[in-house]
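These are my notebook entries on a single chain. I set down what I looked up, entry by entry, with the cut-offs I applied.

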Amino acid sequence: EWANEVSDWLGSLGEENVSVNFEMVQIHESDNVGFASALVTYQAISSGNTILRSMKNRITIGFHKTGNDWKVIHQHTSAPVNAELQAILNF
């Protein structure tokens, strides 16, 4: 369902590249249920290798296994907050 949105976003980058880095990755799983969380940093990088802008999000994903296939059954993203409980979108 997201294919068109992702294609449009990636197509709008022009000469920019995108770096995606994961931190604080946690994975929990059992025989048929899994859960993962992480902080994800997205950076737009110029052709001269300069960071133009960046954003950090927290992601959580829930999975369920049916047969041999794992399916995402829940996904959520949010911005991390600072000590004053304000969202930190750029750094």
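**Entry 1: Val-40**

I began at Val-40, which is found in strand S2; strands (E, at least two residues) and helices (H or I, at least four) are DSSP runs, numbered from the N terminus. The model is a predicted one, in which local features need pLDDT of at least 70, side-chain atom pairs count only at pLDDT 80 or more, and totals for chains, interfaces and linings use all residues. I number residues from 1 along each chain as its sequence is written, and side-chain values use heavy atoms, with hydrogens and water left out.

I recorded Val-40 as buried, at a relative accessible area of 1%. My classes are buried for under 20% relative accessible area, exposed for over 50%, and partly exposed in between, with a 1.4 Å probe and protein chains only. Setting aside residues up to four places away in sequence, I found that Val-40 touches Val-20, Asn-21, Phe-22, Met-55, Lys-56, Asn-57 and Ile-59; a contact means heavy atoms within 4.5 Å. I also noted a C-alpha to C-alpha separation of 9.8 Å between Val-40 and Ala-79, which are 39 residues apart in sequence.

**Entry 2: Overall layout and confidence**

I counted 1 helix and 4 strands in the protein. Along the sequence they follow the pattern α-β-β-β-β. Of the 91 residues, 23% are buried. Of the contacts between residues at least 6 apart in sequence, 31% join residues at least 24 apart.

The average pLDDT is 84, and 85% of the residues score at least 70; pLDDT is the predictor's confidence in each residue, from 0 to 100. Where is confidence lowest, and where highest? The lowest mean, 74, belongs to H1, and the highest, 93, to S1.

**Entry 3: S1 against S2**

I next examined how S1 and S2 are joined. The two strands run antiparallel and share 11 bridges; strands are taken to pair if DSSP finds at least two bridges between them. A hairpin of 3 residues connects S1 to S2. In this pairing Glu-29 stands opposite Gly-34 in S2.

Gln-26 sits in strand S1 (residues 17-29). I classed Gln-26 as partly exposed, because its relative accessibility is 43%. Apart from neighbours within four places in sequence, Gln-26 is in contact with Phe-35, Ala-36 and Ser-37.

I then turned to Ser-37, in strand S2 (residues 33-45). Is Ser-37 buried or exposed? I have Ser-37 as buried, since its relative accessible area is 16%. Beyond residues up to four places away in sequence, Ser-37 touches Met-24, Val-25, Gln-26, Ile-59 and Thr-60.

**Entry 4: Salt bridges**

I searched for side-chain nitrogens of Lys or Arg within 4 Å of a carboxyl oxygen of Asp or Glu, which is my definition of a salt bridge.

One is formed by the side chains of Arg-53 and Glu-16, at 2.8 Å from N to O. Arg-53 is in strand S3 (residues 51-66) and Glu-16 is in the loop between H1 and S1, so the pair links distant parts of the chain, 37 residues apart. I noted Arg-53 as partly exposed, with a relative accessible area of 46%.

Lys-56 and Glu-23 form a salt bridge whose closest N and O atoms are 3.1 Å apart. Lys-56 lies in strand S3 and Glu-23 in strand S1, so the pair ties together parts that are 33 residues apart in sequence. Glu-23 is partly exposed, at 33% relative accessible area.

**Entry 5: Surface**

The accessible surface comes to about 7,100 Å², and 53% of it belongs to carbon and sulfur atoms. Areas come from the Shrake-Rupley method with a 1.4 Å probe, and for residues only the protein chains shown count as cover.

I looked for patches, which are made of residues with over 30% relative accessible area and no salt bridge, joining like charges within 9 Å and nonpolar side chains (Val, Leu, Ile, Met, Phe, Trp, Tyr) within 5 Å. A nonpolar patch of about 920 Å² includes Trp-9, Phe-22 and Tyr-42 among its residues. Helix H1 (3-11) and S1 are the elements that give two or more residues to this patch. S1 supplies the largest share, 5 residues.

Phe-22 is in strand S1. I recorded Phe-22 as exposed, because its relative accessibility is 54%.
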